[in-house]
Amino acid sequence: MQWVDRMNQAIDYIEAHLTQEIDPAAISRIMACPYSVFQRSFAPITGIQLSEYIRRRRLSCAAYDLHNTDQRVLDIAVKYGYQSADAFASAFKRVHGITPQEARLPDANLKFYARLTFTFMIMGVNEMDYKVINKEAFDVLGIRRTTPYGGGTWGIVKSDGSAKRLEEIGGGPCDLGLCFGFDEEGNDDYMCGLAYSGKDVPGFDRYHCPAATWLVFTAKGTISGGVLGQTWKRIYGEFMPQSEYQQLDLPTIEQYVQWDEAADACHVDIFIPVQK
């Protein structure tokens with residue numbers, strides 16, 4: 001229950017600071033883990049990026065203020081963290097489909113996003129296979145980009161020939177995806193590449209991963225069935241809260257053993273860096 005309590009306390013903190021700066025250090029203290037770990041695990045558990053959840057909650061509250069008070073649009077914009085009325089209007093319309101001025105009409109159609117609440121559920125009927133391995137330090141050579149989702153970087157390396165060139169340089173498959181975390185807009189800092197021990201190569205990024213202990217889970221099934229997303233959700237929603245392990249502030253790794261869209265089949269090993 002401790003994990004559930006901590007998650008609810010983190011949401012309590014966010015709710016209390018919707019009109020203020022949200023301090024990552026405060027959330028880190030509540031969750032007893034690095035903020036980046038909390039941020040990365042939020043989406044697999046809830047189905048929404050942390051930054052998007054905060055944005056929706058702020059714009060839900062802003063819609064209430066517009067419809068029920070006489071506060072100026074600019075004052076409401078500043079109240080919820082927007083530096084200009086134009087930036088606020090753009091974000092507001094993306095969520096509600098109407099402008100802030102239209103939200104003041106009596107028959108305005110507004111959207112409401114409720115605060116999250118975490119509760120205890122009986123889960124774990126289906127087993128989860130995992131293994132614990134110790135890996136020496138290693139390097140990854142590849143392309144690191146920040147895109148709206150991790151697949152955006154895979155799209156880049158597959159379309160511009162980078163993946164093929166990496167395989168020629170490294171002598172093996174370009175099969176590693178490293179997730180470093182998300183920015184305030186919910187964009188994914190992600191690297192596609194392969195294990196590599198040679199010299200630096202112009203035009204490619206390099207990441208040195210220190211020696212660490214890793215939990216390894218396998219997602220194997222159909223791509224259309226969403227097995228990869230389901231496995232991530234079970235890792236953070238079932239396994240990690242009840243385990244003796246704490247995730248380290250290192251990138252998580254997806255190793256694509258198979259990803260065949262034509263055959264609708266995938267096999268992805270997921271590596272979570274941990275300590276007891």
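**Figure 1. Glu52, Arg55 and Arg56 are joined in a salt-bridge network.** A salt bridge here is a side-chain nitrogen of Lys or Arg within 4 Å of a carboxyl oxygen of Asp or Glu. The model is predicted: local features need pLDDT of at least 70, side-chain atom pairs count only at pLDDT 80 or more, and totals for chains, interfaces and linings use all residues. Residues are numbered from 1 along each chain as its sequence is written, and side-chain values use heavy atoms, with hydrogens and water left out. Arg55 pairs with Glu52 at 2.4 Å, N to O. Both residues sit in helix H4 (residues 50–68), three residues apart, about one turn of the helix. Helices (H or I, at least four residues) and strands (E, at least two) are DSSP runs, numbered from the N terminus. Arg55 is buried at 15% relative accessible area, whereas Glu52 is partly exposed at 22%. Buried means under 20% relative accessible area, exposed over 50%, partly exposed in between (1.4 Å probe, protein chains only).

**Figure 2. Arg234 and Glu238 form a salt bridge.** The N to O distance is 3.1 Å. The two residues are about one helical turn apart because they lie four residues apart in helix H9 (residues 227–242). Arg234 is partly exposed, at 23% relative accessible area. Glu238 is buried, at 11%.

**Figure 3. Asp75 forms a salt bridge with Arg72.** Their closest N and O atoms are 3.0 Å apart. Asp75 is partly exposed, with 35% relative accessibility. Arg72 is exposed, with a relative accessible area of 52%. The whole structure holds 13 salt bridges.

**Figure 4. Glu21, Asp23, Asp183 and Glu184 form a negative surface patch.** Patch residues have over 30% relative accessible area and no salt bridge; like charges are joined within 9 Å, and nonpolar side chains (Val, Leu, Ile, Met, Phe, Trp, Tyr) within 5 Å. Asp and Glu count as negative, Lys and Arg as positive; His and the chain ends are not counted. The place of a charge is NZ of Lys, CZ of Arg, CG of Asp or CD of Glu. Glu21 sits in the loop between helix H1 (2–16) and helix H2 (24–31). Glu21 is exposed, at 72% relative accessible area.

**Figure 5. Ser162 is buried in helix H8 (residues 162–170).** Its relative accessible area is 10%. Beyond its neighbours within four places in sequence, Ser162 contacts Ile143, Val157 and Phe204. Contact means heavy atoms within 4.5 Å.

Notes
Areas by Shrake-Rupley, 256 points an atom, 1.4 Å probe, with all protein chains shown as cover.
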